[in-house]
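Subject: Structure for you, with notes

Hi,

Here is the structure I promised. Please open it alongside this message.

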Amino acid sequence: MHNFDFVKPASVAEAVKALSADGAQALSGGQTLMPTMKQRLAAPTMLVSLTGIAEMKGVKVDGRTLTIGAATTHATVAKEAAAYPALANLAGGIGDPAVRNRGTIGGSLANNDPSACYPSAVLASGATVVTSKREIAADDYFQGMFSTALEEGEFITAVRFPIPDRAAYAKFDQPASRFALAGAFVARFAGGVRVAITGASEGGVFRWAEAEAALSSNYSADAIKGLSLDPSGMIGDLHGTQAYRANLARVMVQRAVAAS
Amino acid sequence: MPKDHGIGASTKRREDVRFLTGKGVYTDDMRVYGQTYAVFVRSQVAHGRIKSINTGNAAAMPGVLAVFTGEDFKDVGGNPAGWLIKSRNGEAMREPKRPVLAHSKVRHVGDAYAAVIAETYAQAKDAAQQLADDTEIEELPAIVDMAAALGNTSNRVHDEIPDNQCYDWGWIEDNRAAVDAAIKAAPHVTTLELVNNRLVPNAMEPRASIGEYFPGTGDYKLTTTSQNPHLTRLLVAAFVLGIPENKLTVVAPDVGGGFGSKIYHYGEEALVLAAAKKLCRPVRWTAERSESFLSDAHGRDHVTKIELASDLEGNFIAFRTETMANVGAYLSNFATVTPTFLHGTLMAGPYKVPHVYVNVKTVFTNTAPVDAYRGAGRPEATYSLERVVDKMCRELNLDPFEVRRKNFITTDMFPYTTPVALAYDTGNYHATLDKVMEMADVAGFEKRRAESAKRGKLRGMGLSTWIEACGIAPSHLVGILGARVGLYDAATVRVNATGNISVMVGAHSHGQGHETVFPQIVASKLGVPESSVEIVHGDTSKIPFGMGSYGSRSLAVCGVAMDKALDKIVAKGKKIAAHMLEASEDDITFEDGRFSVAGTDKAKTFGEIAFSAYVPHNYPLETLEPGLEETAFYDPANFTYPAGAYICEAEVDAETGKVDILAFYCADDFGNIMNPMIVEGQVHGGVGQGIGQALVENTYYDSNGQLLTGSYMDYAMPRATDVPFYTVDYSCQTPCTHNPLGVKGCGEAGAIGSPPAVVNAVIDALQRGGHTHVTHIDMPVSPSRVWSAING
Amino acid sequence: MTKVAMTVNGKAVSGEVEGRTLLSAFLREGQGLTGTHVGCDTSQCGACVVHVDGKAVKSCTVFAADVAGSSVKTIEGMANADGSLGVIQQAFQDHHGLQCGFCTPGMVMSSAALLAENPKPSEQEIREYLEGNICRCTGYHNIVKAVLAASGQDANAIAAE
């Protein structure tokens, strides 16, 4: 990989300053960024590691709100987000144990890989993405695969999740990468059900409105038996056809509902 | 009581201690004074004409010491194919030159056309990038699909080969008319078209090489990830670079797995040697995994149509196979023999079928070279046979166990010559089938299936019975079949003065445990402790000229060479004992480490004899030489023929198409067993790879010849969660009749027998689950393919 | 180049690194600890797993500078004080849990991390925990058995079930 300067600020303020430099790039665990850099597909001139910032770490519960610092590892979320079991369960199933010890929620959301797990939880929960500049509603944050509302130099500091009454995540692994071939996060709130699908769509994580409507009136796996996603927008590749992904997404929603 | 010592004991592996403490020494672990780094510049396109390479910018970059292109090697030799195959019409195969670096044309993505040597790896990498930017390649249409490649005269992988065909081989051509007639007249013919999926071997240690040159003596040294250092030396010295063999030492230190991919000589090895000479400095190279995907020899990649003719009771009448085999862009060393003599000769399986004919057309494409990978040809044969037999059983509504049973060669028929020219020496196929049925509780399957159904899952059981020809050797046979090398092996047993023993072997251990097993044989034979025996391997300056390890040959060929050298040691020991005990040599017996005069209490221990051999103060030197060291070369009379029966039980989730392997049972006949623990481990590993091929592994080139599965992000390797505990048995033993150890070889068995068992289980599950339209799914039987088959 | 200091296998070490220097390279080239292997470039194979502050990480996907000041443990630090094999290492030898040895350091380090978190894991828990460690030789059978045995369970009985 190309060389770069490495800095590790201790506060958000320092990080903001470091990331204002030309060619600076945030590093938050690096479990996806580093392989990309090895292939020379990314060549920042400065890497700003965010994992040394104490104020960006940890899991806090306040009533029905769970706040996770952006530099919190998947392993920590899996262990400490007991107040939101579906989320803890999702975090505990990302990658493998060694990846979970380095990868962070902020890094995952900033990258917005179309097959990553976290985006589905954030979108289905209607979470708020807190950044170094502002707060962004989940519905506004995800803007297609590898694309987000983050601006140049802006980075995530925390994610605030409203805790649903019932929720679950069901994921079907892509056999090689172990990312989601399709994953469904279902969250039931007093005001209705939100369903987010990851792994399946060309457009990245998305909400499945029909399923939300069906589940809001009848919260059961059977309620979505007859529904189907349009395969034309789905990812079709050597791991699965578009029709297969559309099917898989529905099956994962059903399994998430059953498990919630 | 299990044995705790010598032949038959599950002696724990001594090599484990260094591997478990991080003290193994693999090629990339070595640091050589003054070392430099090579990075290869590889083609990004599958097929193209090199218009220009401007080396100036790269050569001027910081730390860069030299730049090489194909031009630098155009006058040295090519890396040859090891076997000359003849087409049906008698013509010799087409054998294009395989250069050290691609010259004038690039022929697959990853084809190296230049190399940069620099002081540091990062500098070499930077300069290689620059060189790639400064190269102009005119892209040509990629030739990827075998059917389209054959006969395509306008687009050629090699300009001098008009139809992209290497050869059109028939086995046995004289059988053809009778096979055709038999199929025409048969009451029933089952036809199956299938793909044997291309695999990337993926030894966990990437290939690596260090070249050194010693200007004072003109000697070269190549440290490399090789399964067979002498063969590598022969190829790189005599065929490619023209170095006298005795001026080149090849060392293969600890090697992290091979599975075939490290048999072959690769251009990187020649490059580091040539560069070391030019720079008079050591040159090292270690593949990144992405390079391994692009440049290691791949495996399998057959497209086959097989027909099975039978009567309505399931008695086999004839097998006819037509196969297209991909060799990729160049002929790797064993590429031409793998789809022919390691495949076609096995197409009778363990069956007494009267008529067999095999046609193989081998095709050049713009993909990485394809060569032998664990099993090599024999998994392809077994998969075709066992899938078509399974399909026939369904078509005729016959029991797959009974059909195998009635068609097996019976024990009274050995030695048995098949219609495809192999002479099986011994076996008992009914015994392994009975055994595996007992292990798998076939009778209880229906109950288990009902239990799965309650959970909404479809359960199936798949059977595969297999045979292989291994202990890859007989020089006289392979010579008739076109081999350009002999396939014997060799061992030297050196008894040191203090009585401990060094054994130099031609076999190479890269996971098989030779350092542990070979001493067990020595211990049993000489009555010495295993711990007093040390195995030396992997260094051409220390070992006799051997052919290395592949084709399950280490024990069955090299082990037997060692056994014969031990016979010579005992014979020499008797001479020495006769002298020391003042007796006739004929009266000396050797037992439990003691040389005794028969009928007396006069005896000498092995240690006393060894010491005397090196302190020959009063030897009759005209009749007795000092020293106790013997070498034997062994060239067997025949292949060995391990065989067995496997059962896989699997569950299918019809909603997602996911297959779970619930249980896997193996009953194998490997002849005599030297170390049961290691045999079990070999079977486990082979089955794991076979399950990988059957369920998850796929090598996918798109129509432009881009490898879409070029990393572990897209090439699925079987993981711990993908496989169950295996149940392994090797109690059915019919010892090999033509080697004194009675051993057959066990390294490839699991990879040969398991893929059809898995696919048969999946088809069985779908059929029993009511999806009767699904009669075949190509490997890998991925969730998407299973779901699409169900819903298709 | 910047100077990085950390503790490796209980010993204070330091070295000059570039920003891009990976922890795996720092250990292998800087410290001569070549037991940590690099088997891929996508953070999948797990041959490079070491412990950083007690947690298993893939050292090929960690910058050396990012773990400055940490305590690192590698395969070379896993034997007993007298040099004999530690419990997990011994179980791997007893159960033939390795063949070519290349993935083995990572397997042992991941297994150690598992047993620290979960002293009596089930077969399924072991398989799931080792999902980020690829072995091409063993088919995983004897690795799983070795971890069961290292946790004091009857591996032979469980494998035969």
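Predicted model: local features only at pLDDT ≥ 70, side-chain atom pairs only at ≥ 80, totals over all residues.

Chain C first. Chain C has six helices and five strands. Along the sequence they run β-β-α-β-β-β-α-α-α-α-α. The radius of gyration is 16 Å, close to the 15 Å that the globule rule gives for 161 residues, so chain C is as compact as a globular protein of that length. Its C-alpha trace spans about 55 × 35 × 25 Å along the principal axes. Of the 161 residues in chain C, 66% are buried. Among its contacts with a separation of 6 or more, 55% join residues 24 or more positions apart.

Now the interface. Here 52 residues of chain B are in contact with 50 residues of chain C. The two chains bury about 4300 Å² between them, and carbon and sulfur atoms give 57% of that. B:Leu20, B:Met204 and B:Phe725 supply 20% of the area that chain B buries against chain C, more than any other three residues.

On the polar side, 27 residue pairs are in polar contact between the chains, counting pairs with both residues at pLDDT 80 or more. There are also four salt bridges between chain B and chain C. One of them pairs C:Arg136 with B:Glu697, with the closest N and O atoms 2.7 Å apart.

Which elements of chain B give two or more residues to the side that touches chain C? They are helices H1 (16-20), H8 (289-295) and H17 (676-695). H17(B) gives the largest share, eight residues. By class, that side of chain B has 24 nonpolar, 16 polar and twelve charged residues.

Best wishes

Terms used
Residues numbered from 1 in each chain as written. Chains lettered and ligands numbered in written order. Heavy atoms only, no water. Contact = heavy atoms within 4.5 Å. Buried area = accessible area lost by both parts, 1.4 Å probe. Salt bridge = Lys/Arg side-chain N within 4 Å of Asp/Glu carboxyl O. Polar contact = N/O pair within 3.5 Å; in protein donor to acceptor, adjacent residues only side chain to side chain. Helix = DSSP H or I, 4+ residues; strand = E, 2+ residues; numbered from the N terminus. Nonpolar A, V, L, I, M, F, W, Y, C, P; charged D, E, K, R; others polar. Rg over C-alpha atoms; globule rule 2.2 N^0.38 Å. Buried < 20%, exposed > 50% of the residue type's maximum accessible area, 1.4 Å probe, protein only.
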